[in-house]
Amino acid sequence: MKELGCFDYFAIFLGVYVLVPKLYQIWMIIYTSFIVQKKDLKVLYGADSWALITGCTSGIGEELAHRIAQQGLNIILISRSLDKLTKVENDILKKCPQIKTLKVIADYANGGETLEFYKKIYAQIKDLDISIVVNNAGILYSEYYRQLNISQIMEMAIVNTYPYILFNHLILKKLQQRSLKKQTALLNVSSSISFVAGPYQQIYGCTKKFERYFTEALRQENKKEYPNLEVICVTPMYVSTQMTNNLSTKEFGVVNAEQYVEGVLKVFGNLNHIFGPMIHQVQGYFTNIFFELSHYYRLSLHIVNHIIYNECQKMK
Ligand SMILES: NC(=O)c1ccc[n+]([C@@H]2O[C@H](COP(=O)([O-])OP(=O)(O)OC[C@H]3O[C@@H](n4cnc5c(N)ncnc54)[C@H](OP(=O)(O)O)[C@@H]3O)[C@@H](O)[C@H]2O)c1
């Protein structure tokens with residue numbers, strides 16, 4: 001047999017270098033879909049502790065509030081409309097009369113760019129034993145940039161970013177201190193668009209990438225000093241909610257909020273990132289591959305753009 005030369009070794013190294021991350025991603029799909037099991041949140045984070053959920057009056061946030069309450073944690077409900085908050089609170093208490101709830105009205109689009117705004121929220125919750133914080137409230141206008149008006153641009157820029165940097169700044173110390181004694185979680189809801197510079201969602205996509213980068217950086221900063229503080233990022237693909245104009249779940253890859261949250265609950269105590277249920281994990285994998293290819297081949301760029309454009313049209 002011919003002996004291997006420098007070129008052969010280089011080719012093998014290159015193959016392994018390219019393949020290992022891809023194989024790791026496939027393994028993660030299998031691991032998160034079939035091996036990781038949901039944990040009992042009351043046991044993990046402590047009985048009588050509180051979960052704070054922003055944007056809890058609809059879609060993913062509302063479903064998360066219900067599912068976490070069903071596990072016996074108390075819930076801080078934050079959103080912009082008192083009527084909707086009261087309805088969600090009543091629905092939760094009907095199913096889980098043993099838990100406590102607290103409503104906080106906050107419209108991030110009205111003053112959410114100032115620290116004072118978050119200090120008022122913080123003052124209402126600072127004495128509670130908060131074990132989970134979910135930053136979920138978000139807004140999307142998908143349109144050509146030239147067709148977005150300035151108030152839509154500003155609303156996305158403020159609602160999708162300021163709560164992350166200002167509210168988290170107020171609450172992080174409290175979470176860090178708690179994590180020295182008990183498991184504690186900070187979960188930020190970003191989006192799979194944060195992996196793709198997609199057209200028609202330019203501002204939204206930037207804000208979601210902002211959230212993901214911020215979360216990943218925060219995780220790195222905290223993991224050594226506060227190992228029991230989970231800093232989690234979730235990046236959904238399409239979920240049928242008010243935000244997506246209730247896209248049909250018959251569409252490939254579109255799940256409803258219940259199916260989505262069922263997939264996401266696995267992250268607590270197990271993972272620091274998940275796209276969502278298995279179908280979102282698979283889509284996330286291929287989206288990343290296509291987007292990487294789009295740097296080199298026009299066809300994949302056209303495919304990515306075409307898919308995003310079509311979905312945006314359906315959301316109108
Ligand atoms: N649905 C998807 O396909 C998808 C995909 C990727 C990422 N995401 C992310 O998932 C998160 C939840 O989205 P969703 O699909 O569940 O959307 P949704 O059903 O529209 O829920 C959004 C929530 O945020 C609240 N909210 C919006 N603007 C607010 C403001 N100015 N101040 C306070 N609360 C505000 C909404 O309150 P109201 O009830 O009053 O409107 C609602 O409770 C968002 O961060 C979104 O970017 C969703």
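## Contacts and overall form

Among the contacts in the chain that link residues at least 6 apart in sequence, 71% join residues at least 24 apart. This is a predicted model, and every value in this report is computed from it. Buried residues account for 37% of the 316 residues in the chain, which is built with 11 helices and 9 strands.

The radius of gyration of the chain is 21 Å, and this agrees with expectation, because a compact globule of 316 residues would have a value near 20 Å. Taken along the principal axes, the box filled by the C-alpha atoms is roughly 75 × 50 × 35 Å.

## The open sheet

An open sheet is formed by 7 strands, whose order is β3-β2-β1-β4-β5-β6-β9, and the pairing in this sheet is parallel. The edges are taken by β3 and by β9 (273–274), and each of these has a single partner strand, so one side of each is left without a neighbour in the sheet.

## Strand β2 and its two partners

Strand β1, which spans residues 50–54, pairs with β2 in the parallel sense over 5 bridges. Within this pairing, Ala51 is found opposite Ile75 of β2. To pass from β1 to β2, the chain goes through helix α3, residues 59–70, and the β-α-β crossover made in this way is right-handed.

Strand β3, residues 101–105, also runs parallel to β2 and is joined to it by 5 bridges.

Is Ile105, which has 15 C-beta neighbours inside 10 Å, exposed, partly exposed or buried? A residue is called buried with 20 or more such neighbours and exposed with 12 or fewer. Ile105 counts as partly exposed because its number of C-beta neighbours inside 10 Å is 15.

Ile105 belongs to strand β3, and β3 is one of the strands at the edges of the sheet. When residues up to four places away in sequence are not counted, Ile105 touches Arg80, Leu82 and Leu85. Between Ile105 and Thr54 there are 51 residues in sequence, whereas in space the two are 9.9 Å apart, taken from C-alpha to C-alpha.

## The shell around the ligand

How many residues surround the ligand? The shell has 29 residues, and the closest are Gly55, Gly59, Gly138, Thr241 and Met243. Helix α3 gives the largest share of this shell, with 3 residues, and α3 is also the helix through which the chain crosses from β1 to β2. By kind, the residues of the shell divide into 13 nonpolar, 13 polar and 3 charged.

How values were computed
Residues are numbered from 1 along each chain as its sequence is written. This is a predicted model: local features need pLDDT of at least 70, side-chain atom pairs count only at pLDDT 80 or more; totals for chains, interfaces and linings use all residues. Two strands pair if DSSP finds at least two bridges between them. Helices (H or I, at least four residues) and strands (E, at least two) are DSSP runs, numbered from the N terminus. A crossover is right-handed if, with the strands pointing away from the viewer, the path from the first strand over the helix to the second runs clockwise. A residue is near a molecule or strand if its C-beta atom, placed from the backbone, lies within 6 Å of it. Ala, Val, Leu, Ile, Met, Phe, Trp, Tyr, Cys and Pro count as nonpolar, Asp, Glu, Lys and Arg as charged, and the others, Gly among them, as polar. Two residues are in contact if their C-beta atoms, placed from the backbone, lie within 7 Å. The radius of gyration is taken over C-alpha atoms; the globule rule is 2.2 Å times the number of residues to the power 0.38.
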